[in-house]
Amino acid sequence: MATETAHDPKNIDSAALTPAMRQYFAAKEQHPDCLMFCRIGDFYELFYDDAILVARELQLTLTARDREKKQPMCGVPYHAAEIYIQRLLRKGYRIALCEQMEDPKQAKGVVRREVTKVLTPGTAVDPGLGAEQSNYLASVAMKGSGASGCVGLALLDLSTGEFRATEFAGAGAWAAAADEMGRLRPVEVIHAEGMFAAGVFGPTPRDTSAMDGAPGVFSAGSDDAVGTQVSEARPGAPTVEAGQDGLDGIRTKTPVEEWVFTPEYALPLLRNHLRLHSLDGLGLAGHETAAVAAGALLHYLKKTKQGGLEHVDGLRYYERSGCLELDAVSVRNLELVEPLFSGESAQTTLFYTLDACCTPMGKRLLRATLLRPANSLPEIEARLEAVGEAAGDLRRREVLRRSMDGVLDLERLLGRVALDSAGPREVMSLAATLKCLPGVVAAVNEFQSARWKELGSCEVSNFGGADSHVSEARRGAPSATPGVPGFDALDDLHARIVRTIAEEPPVNFADGGVIRGGVDPELDELRELSRSGRQALVAIEERERQRTGIGSLKVRFNSVFGYYLEVTKANAKAVPAEYERKQTLVNAERFTTPELKEYEAKILTAQERSGEIERRIFAALRAELLAGAGRIRETARRVAEIDLLACFAHLAALRGWVRPMTEDSGVLEFAQARHPVVERRMEESGGGRFVPNSVYLDAGPDSAAGPAVLLITGPNMGGKSTYLRQAALLVIMAQCGCFVPAERMRLGLVDRIYTRIGASDNVARGRSTFMVEMTETSAILNTATARSLVLLDEMGRGTATYDGLSLAWATVEHMHNRIRARTLFATHYHELTLLAEQLSRLRNLRVTVKETPTGIVFLHSVEPGPASKSYGIEVAKLAGLPGTVIARAREVLKVHERAESSAVRAEAAPAQQQVQLTMFTPLSQRIVDRVSALDVDEMTPREALNLLAELQRELKA
Ligand code: ADP
Ligand code: MG
């Protein structure tokens, strides 16, 4: 690590600096939080600590500017800088580009340099960004604190222009906002200066975990998630402080001046940008804090000079309660979109298993939908109906899917046009995509279901349910107002591009020929001029060869010397006297003539002028495309939804999935269901057949209804966790509108899903695991409803047996008696199976094993009844523990089991009579201990009677 002080600008004598370095320090002072990329000639150079850091991060050679090596320096070539910059941004750094503001050839004295752009992880669009990923920049605004407090959250994906905001109120506001960010994983979050320091957040659910990681160290993950040490003082460094604020996953947190987060400043900015008189139409009425967060976000983008933001033309207010709620922990545990452990293959995710989308927009919508499944019956039914129709008709489905083959990323292409990073080729790809759209509309209209009709129609009818992710997006879109045509195939924009841009345009403008012939008469004339000019040069070459007798004489061009005649050294003697020498090379001489100069001037002016015209026409086209940004985005949304439904239909047909029956009840029933991810992985690896299982739960209010809590026991590796996750995944799939891998599924809609995994499954996350587990569990007990689905896997494993067992016991009781949510509880505490004797709506299930003389075999099928034992020793035997250890463990176990089962049974029995069972062995042990410690011979009958009364009181208390 560098010694910071040695390179502190304050310690540097500014008088001794060169003018260029003085410029550098001035720029650095303005952007102290950025790595300063300073353009010098063909390089971007970095100096001092920036150089040391970048050299280390990018494995570059560190050099020095001065002989004493006091000014460390490193550089990257200008033309290749993009790759280096992207790598630094992915690591969470901020970068300022300090450019040369004048042509070094023309500058008198030192070239003027200025910071033209600040790039940050959330504001720079990463060309390597996966099609299905979003690159969110988040902004958080706070108002008040505690119960009357409010947190506004805005999110923007600059690559597509998706812009939304939400708000959380009350004491849990910050925790909820942090959870939402945990789900959406922004790459950067901006906040008011001093917000984190002020400690306004209060304890967050994961606060305690901060104790485990040294501050400033963020956990190592994949290469991109870097396990680098960063200190506060580091310029441009990711400022992650693990766990302090519940945002430990976000690498870059950028403080912005406090006044930016005021309604007086942020609201007018937002209104002006969106060209609205009032924000109420966006659903922002009464959500000022959300609007402030959004306005501050725009301020930040404008400040970092991100060029055109025309594609950021709408903002939608959303609420998490409008969908099946999934908290960040469940999203992670269920591996919906990312593997549980970073670095693991993404093939373990539900997203991977379901992704058969044809377009990048479809992939992104699938991802977003998995994080926000619907929770309204009409919306889910509308999707299922459409999926069912397409699943049942191979021909029409394939026509539809193939119609989207050439559809590229409309939203991102539009984003690039807006950010002015789209060249002629990108605009042509946009045209190629637009050309496919009429085919998509036609293919959609082959279907009859209401949802297909809505998507393909040219009239906006009553789109979807209010809870639909997509229809919500639509409501926020400016063009989605009733009366505006529905599916807009954008023919006019397509025609406009094709009419303007050459069929195969060059990559760079400098090469000319971007604009089609016939578009601009002056351009055509200039092109003709330079063409005839070039022909004249060919004629000159030929004529001069004849005249001088030098057969190898050539007319050539280069950008420094312009046009010249080149003659080899050997022939130099034969050159006519009027040739004017321009340059001497090792074995050639270069000349010019007045005639050549004249043509040169003509050609070059013509080229320069036509370049100007081409640029002007291209800019006009760009402006026209951006004027249609809202329409393009709306069409992109429809394509995304069409693609997603077609993808679900494809999966249903291909894999034989069935349509879930949804209803308004407390039932959750599967017959012969399979875990979609595990099943697919087993198929792919040839790892045997997945054993289907069934579930029946009914948490309806009628207490005579079926079981509401399933307690699953059985050995490790028996399939308990898989069974639990399978239930959650199928519910999520069904509420997304997807068919499910089962023979039959009946689903009373679920409002929230909670998944918790016992501590020891999580040690790899390096957290204070038991505390995390308990805070997570308390969140469930405090927020789950009778409509929720709760999965508790190996709860209480992270502490001593009796503590863990007691907590698990009490939790099951609470779920059963108070919350009455549909609950699946997997546990290795087979003592818990006794609960079935007192809790009328709890059923025991066990994963089956076959005991063979050589050991146990897992059958992976779930059947009624408690596990007879936990088989820990058998599993250990399978794992290869030495025979002597196994044999000794069996002996010890026998002794313990005998003692324990009698104790637990004795405690459980009286509870049945009336009093709720609150405690068992640990408490009674105290009484037992006292009794056995008595010296009965020394007691009077009165003392004995008193003691008896006291013990009884204690038992009753
Ligand atoms: P537990 O939670 O009981 O320890 P897991 O659910 O983790 O067990 O499953 C252990 C292994 O068994 C996993 O590798 C999983 O792939 C496999 N497995 C689980 N359920 C099934 C099933 N129904 N059919 C086939 N294999 C299964
Ligand atoms: Mg398990």
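Mentor: A definition to begin with: two strands pair if DSSP finds at least two bridges between them. Helices (H or I, at least four residues) and strands (E, at least two) are themselves DSSP runs, numbered from the N terminus. The model is predicted, so local features need pLDDT of at least 70 and side-chain atom pairs count only at pLDDT 80 or more, while totals for chains, interfaces and linings use all residues. Residues are numbered from 1 along each chain as its sequence is written, chains are lettered from A and ligands numbered from 1 in the order in which they are written, and side-chain values use heavy atoms, with hydrogens and water left out.

Trainee: How do you know that strand S19 and S20 are paired?
Mentor: Strand S19 (residues 667-673) is joined to S20 by 5 bridges, and at least two are asked for, so they count as paired. The two run antiparallel, and Phe670 stands opposite Val695 in S20.

Trainee: What makes strand S18 and strand S20 edge strands?
Mentor: Look at the open sheet of 4 strands, in the order S18-S22-S19-S20 with mixed pairing. Strand S18 (661-663) and strand S20 (693-698) each pair on one side only. From one strand to the next, the twist averages 15 degrees.

Trainee: What packs on the sheet?
Mentor: Helix H21 (residues 720-736) does, touching S19, S20 and strand S22 (744-748). Its direction makes about 75 degrees with that of S22; axes are lines fitted to C-alpha atoms, for helices over the stretch in contact, and angles run from 0 to 180 degrees between N-to-C directions.

Trainee: Why is helix H2 described as largely enclosed?
Mentor: Of the 11 residues of helix H2 (residues 48-58), 9 are buried, so the rest of the structure largely encloses it. Buried means under 20% relative accessible area, exposed over 50%, and partly exposed in between (1.4 Å probe, protein chains only). Among the buried residues of H2 are Tyr48, Asp50, Leu53 and Glu57. They pack against helix H1 (19-30), strand S1 (35-40), strand S2 (43-47), strand S4 (72-77) and helix H3 (81-90). After H2 comes Gln59, with a positive phi near 55 degrees.

Trainee: How much of the protein as a whole is buried?
Mentor: Buried residues make up 53% of the 957 residues.

Trainee: What makes a set of residues a nonpolar core?
Mentor: Its members are buried Ala, Val, Leu, Ile, Met, Phe, Trp, Tyr and Cys residues joined through side-chain atoms within 4.5 Å. The largest has 132 residues, and Trp452, Ile497 and Ile753 have the most contacts inside it. Helix H19 (residues 629-655) gives the most to this core, with 14 residues. Apart from it lies another core, of 35 residues, among them Ala154, Val256, Val260 and Ala266.

Trainee: Which residues does Ile753 touch?
Mentor: Contact means heavy atoms within 4.5 Å. Leaving out residues up to four places away in sequence, Ile753 touches residues including Leu324, Leu334, Ala728, Ile732 and Leu789.

Trainee: What makes strand S11 mostly covered?
Mentor: In strand S11 (residues 252-256), 4 of the 5 residues are buried. Strand S10 (residues 188-192) pairs with S11 in the parallel sense over 5 bridges, and Val189 stands opposite Lys253 in S11.

Trainee: Why is the pair Glu398 and Arg401 called a salt bridge?
Mentor: A salt bridge is a side-chain nitrogen of Lys or Arg within 4 Å of a carboxyl oxygen of Asp or Glu. The closest N and O atoms of Glu398 and Arg401 are 4.0 Å apart, so the pair meets the cut-off. The two residues are 3 apart in helix H11 (residues 394-403), or about one helical turn. Arg401, at 11% relative accessibility, counts as buried.

Trainee: What makes Arg496 and Glu624 a link between distant parts of the chain?
Mentor: Arg496 is in helix H16 (residues 491-500) and Glu624 in helix H18 (residues 594-627), 128 residues apart. Their closest N and O atoms are 2.7 Å apart, forming a salt bridge. Arg496 has 18% relative accessibility and therefore counts as buried, whereas Glu624, at 35%, counts as partly exposed.

Trainee: How many salt bridges does the structure hold?
Mentor: It holds 62. In one of them, the side chains of Arg637 and Glu634 meet at 3.2 Å, N to O, and both residues are buried. Elsewhere, salt bridges that share partners join Glu379, Arg383, Arg451, Glu454 and Glu641 into one network.
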